[in-house]
Amino acid sequence: MKEVNDMTQGRVAIFPGSFDPLTNGHLNLIERSSKLFDEVIVLIATNTSKQYLFSLEERRRHVTEAVATFPNVSVDVLNDTLVVHYARSKNVQALIRGVRNTLDFEYEHAIAVANRQQDSTIETVLLYADASYRHLSSSLIKEVARFGGSLDGMVPPTIEVAIKEKIQ
Ligand code: ADP
């Protein structure tokens with residue numbers, strides 16, 4: 001994994017999200033984006049309309065461990081600023097987001113238009129969810145964990161342990 005400040009010139013994308021927690025669906029997008037761009041920054045954001053299971057620092061730790069094997073991926077947190085302003089400050093060309101279904105499509109469309117109004121130089125790149133992960137969401141995972149279900153194949157093993165510790 002890279003440090004954000006070591007970023008070299010090239011095509012840089014950010015993948016902003018809550019990652020509460022990071023799922024194997026998110027990881028699949030990170031891996032695929034890392035092949036499309038020279039550098040990818042996973043940006044852990046706080047969505048004001050959401051209540052989180054994990055703190056920003058916990059989410060940062062989980063994501064950092066999970067992306068450690070990707071040489072061109074780094075992790076950062078978004079503090080009191082808009083994603084597009086962060087993107088500008090890091091010379092980012094693209095925002096990566098994922099689409100699982102038509103609901104995601106509508107939601108992502110609204111975010112993409114709003115971001116474009118703020119800064120039309122930054123493109124939103126939507127990646128379709130892989131068929132094996134398109135049913136996965138952070139909220140589904142928390143629900144399964146609350147009722148003692150197995151999270152095998154849904155999240156990285158260290159995150160599965162962290163969820164179970166937090167919920168029990
Ligand atoms: P946010 O609160 O910003 O929506 P999330 O962590 O829920 O943050 O999701 C971040 C991005 O990852 C969103 O674009 C979402 O559509 C996408 N995403 C979430 N789960 C999956 C999945 N299983 N496969 C592909 N993309 C996903």
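**Conventions**

The model is predicted, and local features need pLDDT of at least 70, side-chain atom pairs count only at pLDDT 80 or more, while totals for chains, interfaces and linings use all residues. Residues are numbered from 1 along each chain as its sequence is written, and side-chain values use heavy atoms, with hydrogens and water left out.

**Stop 1: the whole protein**

Begin with a cartoon of the protein, which displays 6 helices and 5 strands. Helices (H or I, at least four residues) and strands (E, at least two) are DSSP runs, numbered from the N terminus. Followed along the sequence, these elements give the pattern β-α-β-α-β-α-β-α-β-α-α. The radius of gyration is 15 Å, close to the 15 Å from the globule rule for 168 residues, so the protein is as compact as a globular protein of that length. That radius is taken over C-alpha atoms, and the rule is 2.2 Å times the number of residues to the power 0.38. Along the principal axes, the C-alpha atoms fill a box of roughly 45 × 35 × 30 Å.

Switch to a surface display. The accessible surface comes to about 9300 Å², and 51% of it belongs to carbon and sulfur atoms. Such areas come from the Shrake-Rupley method with a 1.4 Å probe; for residues, only the protein chains shown count as cover. Of the 168 residues, 45% count as buried. Here buried means under 20% relative accessible area, exposed means over 50%, and partly exposed lies in between (1.4 Å probe, protein chains only). Among contacts (heavy atoms within 4.5 Å) between residues at least 6 apart in sequence, 76% join residues at least 24 apart.

**Stop 2: the ligand**

A backbone N or O atom of Gly98 is 2.7 Å from a ligand oxygen atom. A polar side-chain atom of Glu108 is 2.8 Å from an oxygen atom of the ligand. A backbone N or O atom of Leu136 is 2.9 Å from a ligand nitrogen atom. Taken alone, the ligand exposes 560 Å², of which the protein buries 93%.

**Stop 3: the loop between β1 and α1**

Select Ser18, which sits in the loop between β1 and α1. At 15% relative accessibility, Ser18 counts as buried. Its side chain makes a polar contact with that of Tyr52 at 3.4 Å. A polar contact is a pair of N or O atoms within 3.5 Å; within protein, one must be able to donate a hydrogen and the other to accept it, and residues adjacent in sequence count only if both atoms are side-chain atoms. Beyond four places in sequence, Ser18 is in contact with Ile44, Ala45, Asn47, Lys50, Tyr52 and Arg59.

Phe19 lies in this loop as well, and its relative accessible area of 3% makes it buried. Its phi is near 50 degrees, a positive value in a residue other than glycine. Pro21 is also found in the loop, where a cis peptide bond joins Asp20 and Pro21, with omega about 0 degrees. Most residues other than glycine have a negative phi, and most peptide bonds are trans.

**Stop 4: Ile30 in α1**

Move to Ile30 in helix α1. Ile30 is buried, with a relative accessible area of 0%.

**Stop 5**

Select Asp80, in the loop between β3 (73–77) and α3 (83–89). Asp80 is exposed at 88% relative accessible area, and its phi is near 50 degrees.

Finish at Ser150, in the loop between α5 (138–146) and α6 (157–167). Ser150 counts as partly exposed at 47% relative accessibility. Its side chain reaches the backbone nitrogen of Asp152 at 3.1 Å. Leaving aside neighbours within four places, Ser150 is in contact with Val144 and Lys164.
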